[in-house]
Structure formats: structure tokens, C-alpha cells
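Q: Please show me how to read a protein model, one feature at a time. I am new to this.

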Amino acid sequence: MTEQEVRKYLRQMKEESSERAFKGFFDLTYDRLFRIAYYYLKHEEWAQEVVLDVFLALWKQRDTLASVQNIEDYCFVLTRNASLNYLEKEVRRSDSLSAELTENDASDPSPEECLISEELFARYVKALDRLPERCREVFIRIREEKQSYAQVAEELGISVKTVDAQLQKAVSRLRDMLK
């Protein structure tokens, strides 16, 4: 990452709200930030999510980024902190899930619970069918087939940012439909 190129992109992002400059900045820094996140998280998908969240935060802060003295250190700290926060969240979620599973193992589900579970699954399938085709395809590949964002983007011929946007759109719509 050359300081001169980065400064040029940051200036264009601030002055012009240039998405092209942001893409240049993204292309220049993504690999390095991904490696940092992966170092902490040890999961490719988690690292991709964290780095995309970092870039979203950077886009939102584009007006103040040009005044940051050392943008490389700033991005490193932002990525490290986001990775550690993500890891902490995953550990908490994993702990609560294992506690839930332990409770559920203690007793077999009642017929009523089975029926509710089947109804919920049926609602989920119907809601999934109502999603736009691209949203549905991205959601299924990432959440059910466990493909990486990069793999989905390559196979569908779209950008990783588009994959992320489509996944967020799908999750939001599913959540609304299942309420």
C-alpha cells in the first residue's frame, strides 16, 4: 500500500464522494486487511465479513479519513478491533448455543414442539421462495451451502460488495416475512 496512492484515493473520496476512488482504495487495501482479520479469526468467511464491515465504516468516515496521520495504522487498528469484537460475539453465541443444546438434549421434543418446528420451516421455505432470484441464490449459497463471499461473487460474476448487499437484503426481508 503506497502512501501517495492512498492519499489520492482518500482525497477523492472526501471531495467527490467518489465510489471509483473508494473501489481503488478497496482494491489496494483489501488483501492486507483480510490477512489481518484472518490472523485473528482463523475463518475465511468471518474475516471477509469483518473486512467488509471495516470498509463500510471507512466509507461512512470518508470525510475525516484524509486528516488521519497514518492511514495504514488506522486501518490495522480498525480491523484488529473489529476482528476481536467479532470473535467475542461468536464465542458468546457459541456458548449460548451449546447451553441451549444441552437443555434441549435433556428432553425429547414434544409433538407440539415438532409441529411448531415444521410450521416454522414451512414458513421459512415460503419466505425464501418470495425473495428475488439473486437474493435467494446468494442467501442459499452463503448460509446453507457455506460458500465464501469471494466464491459466490466469482461464480455469479458480481462483486463481493454486491454479494454482501444481496445477503443483507435477503436476511432483512426474511426477518420481516417471518415475524
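This is a predicted model: local features need pLDDT of at least 70, side-chain atom pairs count only at pLDDT 80 or more; totals for chains, interfaces and linings use all residues.

Q: How is a pocket found, and what volume does the second largest pocket have?

A: Rolling a probe the size of a water molecule over the atoms shows where empty space is left. A pocket is an open set of points, on a 1 Å grid over the protein atoms alone, where a 1.4 Å probe fits with protein on both sides within 12 Å along at least five of seven lines; lining residues have an atom within 4 Å of a point. Points are joined across faces, edges and corners, and the volume is the space filled by probe spheres set on them. Here the second largest pocket has a volume of about 250 Å³. Its lining includes Glu 19, Phe 22, Phe 26, Phe 55, Trp 59 and Lys 161. Helix H2 (19-41), H3 and H9 each give two or more residues to this lining, with H3 giving the most, five residues. Helices are DSSP runs of H or I with at least four residues, numbered from the N terminus.

Q: What about the largest pocket: how much space lies in it?

A: About 540 Å³. Of its 19 lining residues, Glu 49, Tyr 86, Arg 143, Tyr 149 and Leu 167 are the closest to the centre. At least two lining residues come from each of helix H3 (44-60), helix H5 (71-105), helix H7 (133-144) and helix H9 (160-178). Once again H3 gives the most, five residues. By class, the lining divides into seven nonpolar, three polar and nine charged residues.

Q: How many aromatic pairs are there?

A: Rings of Phe, Tyr and Trp (its six-membered ring) pair if their centres lie within 6.5 Å; planes under 30 degrees apart are stacked, over 60 edge-to-face, and the rest tilted. That rule gives 10 aromatic pairs. Take Phe 22 and Trp 59: the ring centres are 5.1 Å apart and the planes are at 70 degrees, so this pair is edge-to-face. Phe 22 lies in helix H2 and Trp 59 in helix H3, so the pair ties together parts 37 residues apart in sequence. Another pair, Phe 26 and Phe 55, is tilted, with 4.6 Å centre to centre and 55 degrees between the planes. This pair also links distant parts of the chain, since Phe 26 is in helix H2 and Phe 55 in helix H3, 29 residues apart. These four residues belong to one aromatic cluster, which also includes Phe 25, Tyr 30, Phe 34 and Tyr 38.

Q: Is Phe 22 buried or exposed?

A: Buried means under 20% relative accessible area, exposed over 50%, and partly exposed in between (1.4 Å probe, protein chains only). At 5% relative accessibility, Phe 22 counts as buried. Both Phe 26 and Phe 55 are buried too.

Q: Which residues of H1 are buried?

A: They are Val 6, Arg 7, Tyr 9, Leu 10 and Met 13. Down the axis of H1 these buried residues fall within an arc of 165 degrees, so they line one face of the helix; the arc is that of the directions from the helix axis to the C-beta atoms. On the other side of H1, Gln 4, Glu 15 and Glu 16 are exposed.

Q: Where do I find a positive phi?

A: Most residues other than glycine have a negative phi, and most peptide bonds are trans. Ser 17, which follows H1, has a positive phi near 45 degrees. Lys 42 is not a glycine either, yet its phi is positive, about 60 degrees. Lys 42 sits in the loop between H2 and H3 and, at 52% relative accessibility, counts as exposed. Lys 146 also has a positive phi of about 60 degrees; this residue is in the loop between H7 and helix H8 (149-156) and is exposed, with a relative accessible area of 60%.

Notes. Residues are numbered from 1 along each chain as its sequence is written. Side-chain values use heavy atoms; hydrogens and water are left out. Ala, Val, Leu, Ile, Met, Phe, Trp, Tyr, Cys and Pro count as nonpolar, Asp, Glu, Lys and Arg as charged, and the others, Gly among them, as polar.
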